[in-house]
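Please look over the sequence and the model before reading on.

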Amino acid sequence: MNCPVAKIFRLKGMRSLFNLVWNNLVKRKFHTVVTLVMVAVATSVLFSSVQVVTGLSKGLKVGMDRLGADILLLPKEISTNVEQTLFTGVPMNIYMPAKVLAEARQVKGIKQASPQLFSQTLDESCCSLGQAYRLVGFEEETDFVLRSWLDQHLQRPLANDELIIGGNIDSFLGDTATILGKTFTVAGRLQPNGSSIDNTIFLPIDEARALAAESPYLKQLWLEYKNPQELISAVLIKVENPQDVLKVSEHLNKIPDVNVVLASKVLQGTKQQLQLITWLILGFSGILWVVSLAALLARYITLIMERKTEVGIFRALGASKTDIFKMVVLEALVTSLAGGVLGLIAGSVLYWQAKDFLAANTTLPFLGSGLGSSLIFSLECLAVALLVGIAASAYPAYKCAALDPARAIVQGELE
């Protein structure tokens, strides 16, 4: 053993111990890299999986809360696309006669009923938005989806040349947008909530009807549906007593060519999908951590067999059992910390990829975590990585420290 190593133990300082640990890690590059990769993979899967599950859960809850309706009336033709209507901003040009609203308001037990008309922007030169978005015309006098936002932020009626944009829509230059040749002023932006509202543009229903009538994309629809002034796309309903939802829905089902959607049933169905995804993701993450812990334990035990001579010499030079224990555990902590940091970087990339995939291929609502909560969870993931490192190295470190110096040197040379 060279003299610098002996001096390190004689000094018995933390700085000297860190220097020794660093030298050991650099000397055993393969072992260090393999340990880093194992911890990094487990940490990245933990971070990304929990963030995805949290985003889905939060998006479902906030999205349904923002929807605010107990019952929705939609055209009969979209009975299989309810989730796409509620949780995505994909343009949907669906219509039913406006008289449906009057018939619904006659049903006993309904507290509020508000109509909406769906249209869409175009991703062409007539629009300055860059891509197609869903336009939703709403009736401000009866609306209860945007009411709290209007009362709190705008504090006045929305003008015909103004609109409100969802949280995922890019800001417009000068707070204006050109839609089908008409310029609108952006009156405000809604906070993201994981539902279709995030990718929707809201404007007064009469203005939405006028734009729909002039839209070249929708021109063929009016041959079938006739005048958009006599059409609506959805009716949002609040009942007076939540316990009467089923009773009210039975009466609404008597209205011809209408699909009656209970928000509670949509919520239940989406929750079941989310629960399955949650079990799969977290189950895989848990199995990966158990495997990583076992693999790390095996690696540190193997490392003891390889370092018997080295440990024996350290002890002969004056290192105590505590020094040896600290050295092994500190090596594990350093590799776990470095692997955890790398895992968080990889996990962040994986999280954003998963988020984009879910947005493009599913109708599940998603609401990402804020910077503060993400940082807190990152620290928690690092803590888990460090705890796993300690758990995997504690027993091997104890066995390593308990080796008899002379026997360790002899056995190490023989092996």
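A salt bridge is counted where a side-chain nitrogen of Lys or Arg lies within 4 Å of a carboxyl oxygen of Asp or Glu. The model is a predicted one, in which local features need pLDDT of at least 70, side-chain atom pairs count only at pLDDT 80 or more, and totals for chains, interfaces and linings use all residues. Residues are numbered from 1 along each chain as its sequence is written, and side-chain values use heavy atoms, with hydrogens and water left out.

The count of salt bridges comes to five, among them these pairs:

| Pair | Closest N to O |
|---|---|
| Glu139 and Arg105 | 3.4 Å |
| Glu162 and Arg156 | 2.7 Å |

Glu207 is buried, with a relative accessible area of 11%, whereas Lys182 is partly exposed at 29%; buried means under 20%, exposed over 50%, and partly exposed in between, with a 1.4 Å probe and protein chains only. Besides Lys182, Glu207 touches Asn160 and Phe184, not counting residues up to four places away in sequence, where contact means heavy atoms within 4.5 Å.

In helix H9 (residues 245–252), the buried residues are Val245, Val248, Ser249 and Leu252. They line one face of the helix, because they fall within an arc of 100° seen down its axis, the arc being that of the directions from the helix axis to the C-beta atoms. On the other side of H9, Leu246, Lys247 and Glu250 are exposed.

Notes:
Helix = DSSP H or I, 4+ residues; strand = E, 2+ residues; numbered from the N terminus.
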